[in-house]
Amino acid sequence: RVAITNTSGRNLVNIAMVDRIPAGLEIENPRLGREGVPEALSELGLVERMTGGAGSKERFERALGLFRELDDCRGIGINAHRVGSAMWREGRAHTAMAFLSQAHDAHLGAGFEAGAVMTANGMARIALDLGELEQAERWTTAVRLPPDAAPDILVLLGSLQGLIACEKGDL
């Protein structure tokens with residue numbers, strides 16, 4: 001028997017118990033009305049990555065799974081991108097490309113053009129690292145920049161296009 005007291009000042013609905021089984025594995029069900037859990041996992045993954053923790057990719061993967069269950073295209077896009085980036089840092093370029101491709105499609109499905117541009121930029125960078133210049137160039141030229149594109153997106157894209165031109169011998 002568990003007694004729960006609400007001290008938050010907000011109405012609580014669909015309270016769920018989390019069973020911690022060996023090694024800290026949690027059983028999660030996003031349909032229990034726990035809005036914010038996938039976002040929290042994703043943000044914890046970012047904090048862990050920035051502080052040198054080893055579990056950021058796992059948090060992104062868990063968040064990605066929850067966003068998929070919720071059919072949340074924007075969350076899928078953001079976390080597939082984060083998992084892909086983690087794979088790239090691990091030297092798993094082809095796996096990274098697969099996750100980034102999923103992220104790109106999800107961003108487009110959500111109408112999140114800036115996310116699609118950032119993901120296309122990541123795929124172009126990986127293709128460039130793999131020596132696949134034509135594929136890298138396709139990713140940098142296929143993007144549709146949103147009218148309110150942030151200057152940092154334009155700088156990233158422009159610098160990548162410059163690197164590709166150098167590799168091709170066009171500069």
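Author: Happy to. Keep in mind that this is a predicted model. Let's begin with handedness: H3 and H4 cross in a left-handed way.

Reader: Which residues make the contact between H3 and H4?

Author: On the H3 side the list includes Cys-73, Ile-76, Ile-78, Val-83, Met-87 and Trp-88. On the H4 side, Phe-99, Leu-100, Ala-103 and His-107 are among them. Sorted by class, the contact of H3 with H4 has 13 nonpolar, seven polar and one charged residues.

Reader: At what angle do the axes of H3 and H4 cross, and how far apart do they come?

Author: The crossing is at roughly 160°, and the axes come within 7 Å. Angles over 145 degrees count as roughly antiparallel, so H3 and H4 are roughly antiparallel to each other.

Reader: Now the next pair along the chain, please. At what angle do H4 and H5 pack?

Author: Helix H4 (residues 93-110) and helix H5 (residues 113-129) pack at about 160°, and their axes are 8 Å apart. By the cut-off above, H4 and H5 are therefore roughly antiparallel to each other. H4 passes H5 in a left-handed crossing.

Reader: What residues touch there, and of what class?

Author: From H4 the contact includes Met-97, Leu-100, His-104 and Leu-108, and from H5 it includes Thr-119, Ala-120, Met-123 and Ile-126. The tally for H4 with H5 is eleven nonpolar, six polar and no charged residues.

Reader: What does His-104 touch, leaving out residues up to four places away in sequence?

Author: Its partners are Ala-116, Thr-119, Ala-120, Met-123 and Trp-139.

Reader: What is the packing angle of H1 and H3?

Author: Helix H1 (residues 37-50) and helix H3 (residues 73-89) pack at about 25°, with axes 11 Å apart. That angle makes H1 roughly parallel to H3. H1 passes H3 in a left-handed crossing. The contact is formed by Ser-42, Glu-43, Leu-46 and Arg-49 of H1 together with Asn-79, Arg-82 and Arg-89 of H3.

Reader: How many residues of each class are in the contact of H1 with H3?

Author: There is one nonpolar residue, with two polar and four charged residues.

Reader: Let's turn to helix H2. Is Ala-63 buried or exposed?

Author: Ala-63, which lies in helix H2, has a relative accessible area of 0% and is buried. Leaving out residues up to four places away in sequence, Ala-63 touches Pro-38, Leu-41, Ser-42 and Asn-79. The C-alpha atoms of Ala-63 and Glu-39 are separated by 7.0 Å, though these residues are 24 apart along the chain.

Reader: What about the backbone? Where is phi positive in a residue other than glycine?

Author: The general idea is that most residues other than glycine have a negative phi. Here, Asp-71 has a phi near 55°, a positive value. Asp-71 lies in the loop between helix H2 (56-70) and H3. With a relative accessible area of 61%, Asp-71 is exposed.

Reader: Let's step back to the whole chain. How many helices and strands does the protein have?

Author: The protein has seven helices and two strands. Along the sequence they follow the pattern β-β-α-α-α-α-α-α-α. Of the 171 residues in the protein, 36% are buried.

Reader: What share of contacts join residues at least 24 apart?

Author: Counting contacts between residues at least 6 apart in sequence, 48% join residues at least 24 apart. The pair H1 and H3 gives you a case to look at in the viewer, with Leu-46 and Arg-82 among the residues that make the contact.

Technical notes:
Residues numbered from 1 in each chain as written. Predicted model: local features only at pLDDT ≥ 70, side-chain atom pairs only at ≥ 80, totals over all residues. Heavy atoms only, no water. Axes fitted to C-alpha atoms, helices over the stretch in contact; angles between N-to-C directions. Helix = DSSP H or I, 4+ residues; strand = E, 2+ residues; numbered from the N terminus. Parallel < 35°, antiparallel > 145°, perpendicular 65-115°, else oblique. Left-handed = near helix turned anticlockwise from the far one by under 90°. Contact = heavy atoms within 4.5 Å. Nonpolar A, V, L, I, M, F, W, Y, C, P; charged D, E, K, R; others polar. Buried < 20%, exposed > 50% of the residue type's maximum accessible area, 1.4 Å probe, protein only.
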